[in-house]
Amino acid sequence: LGSDSTFQEKQLLFETLAGMPDTKASRVDVPEPPLYAQESYDLVLTSVDKYGNECGAGGAFLQAKLSGSNLPPGQDTNVEVEDRNDGTYAFKVFVKSPCDLKLLISVLKEKPISPTAIVDPKNVMEFAPIPLNITSVKAYQAKMEREARMQKSAGGAGGAGGNGGRGGGGG
């Protein structure tokens with residue numbers, strides 16, 4: 001460029017959109033325990049891409065199911081997924097009776113041809129299992145009563161004894 005040339009500065013603005021939810025960076029908010037049988041709960045996944053950007057839009061293809069060795073008889077293991085279209089997803093969990101289970105969440109890299117289509121395992125990413133302890137209201141109340149009795153009995157047992165904490169004299 002010559003000294004008499006003019007140089008115009010141009011500014012380019014790039015807007016980056018978060019990518020696919022990352023199974024390690026995303027987080028699931030679980031309601032505070034205890035979780036009771038026969039009640040519905042929403043566990044909310046906030047999707048974050050591999051660069052740490054929160055995904056501000058929905059559209060990911062998520063699936064979820066319940067797994068455990070002591071699932072209640074007749075328990076539906078499929079979990080409804082609600083896309084909130086803001087990068088968060090609600091997993092609707094309802095368990096028939098008390099048990100210990102895990103919520104298994106997977107994200108598909110591409111939309112399946114149909115809901116019943118067999119998905120290539122290479123196109124599925126799994127989130128870490130989310131452990132859930134489901135109790136009954138009655139069992140939880142009994143546990144709280146036991147703990148209260150134990151604290152009450154432990155509180156009356158301790159006390160200062162002997163010489164009130166003063167050292168004994170020697171001769």
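Tyr41 stands opposite Val93 in β6, and that pair is a handy way into this predicted model.

Before you start: numbering runs from 1 along each chain as its sequence is written, and side-chain values use heavy atoms, with hydrogens and water left out. In this predicted model, local features need pLDDT of at least 70 and side-chain atom pairs pLDDT 80 or more, while totals for chains, interfaces and linings use all residues.

**Exercise 1. The overall layout**

Task: Work out how many helices and strands the protein has, and in which order the elements run.

Solution: 
- Step 1: count the elements. There are 1 helix and 9 strands (DSSP runs numbered from the N terminus: H or I of at least four residues, E of at least two).
- Step 2: From the N terminus, the run reads β-β-β-β-β-β-β-β-β-α.
- Step 3: check burial. Of the 171 residues, 24% are buried (under 20% relative accessible area; exposed is over 50%, partly exposed in between; 1.4 Å probe, protein chains only).

**Exercise 2. Strand β3 and its partners**

Task: Find which strands β3 is joined to, and decide whether β3 is largely enclosed or open.

Solution: 
- Step 1: go back to Tyr41 and Val93, which stand opposite each other. Between β3 and β6 you'll find 7 bridges, and the two strands run antiparallel (strands pair if DSSP finds at least two bridges between them).
- Step 2: look for the other partner. β1 is joined to β3 by 3 bridges, again antiparallel, with Val28 facing Leu45 of β3.
- Step 3: check the surroundings. Since 5 of the 7 residues of β3 are buried, the strand is largely enclosed by the rest of the structure.

**Exercise 3. The faces of β4**

Task: Sort the residues of β4 into a covered and an uncovered face, then find the bridge partner of Phe61.

Solution: 
- Step 1: Leu62, Ala64 and Leu66 sit on the covered face, while Phe61, Gln63, Lys65 and Ser67 make up the uncovered one.
- Step 2: find the neighbour. β4 and β7 run antiparallel and share 7 bridges. Phe61 is partnered by Leu108 in β7.
- Step 3: look across the sequence. Phe61 and Val124 are 63 residues apart along the chain, yet their C-alpha atoms are 9.8 Å apart. Val124 belongs to strand β8 (residues 124-126) and, at 23% relative accessibility, counts as partly exposed.

**Exercise 4. The largest nonpolar core**

Task: Name the residues of the largest nonpolar core that touch the most other members, and the strand that gives the most to it.

Solution: 
- Step 1: The core holds 23 residues, and Leu62, Phe91, Leu103, Ile105 and Leu132 touch the most other members (a core is a set of buried Ala, Val, Leu, Ile, Met, Phe, Trp, Tyr and Cys joined through side-chain atoms within 4.5 Å).
- Step 2: see who contributes. At least two residues come from each of β2, β3, β4 (61-67), β6, β7 (99-108) and β9.
- Step 3: find the top contributor. That's β7, with 5 residues.

**Exercise 5. An aromatic pair**

Task: Find out what geometry the pair Tyr36 and Tyr140 has, and which elements it links.

Solution: 
- Step 1: search the whole structure. The count is 1 aromatic pair (ring centres of Phe, Tyr or Trp, its six-membered ring, within 6.5 Å; planes under 30 degrees apart are stacked, over 60 edge-to-face, the rest tilted).
- Step 2: read the geometry. Tyr36 and Tyr140 are 5.9 Å apart, centre to centre, with 75° between the planes, which makes the pair edge-to-face.
- Step 3: Tyr36 is in strand β2 (residues 35-36) and Tyr140 in helix α1 (residues 137-157), 104 residues apart, so distant parts of the chain are linked.
- Step 4: compare burial. Tyr36 is buried at 17% relative accessibility, whereas Tyr140, at 26%, is partly exposed.
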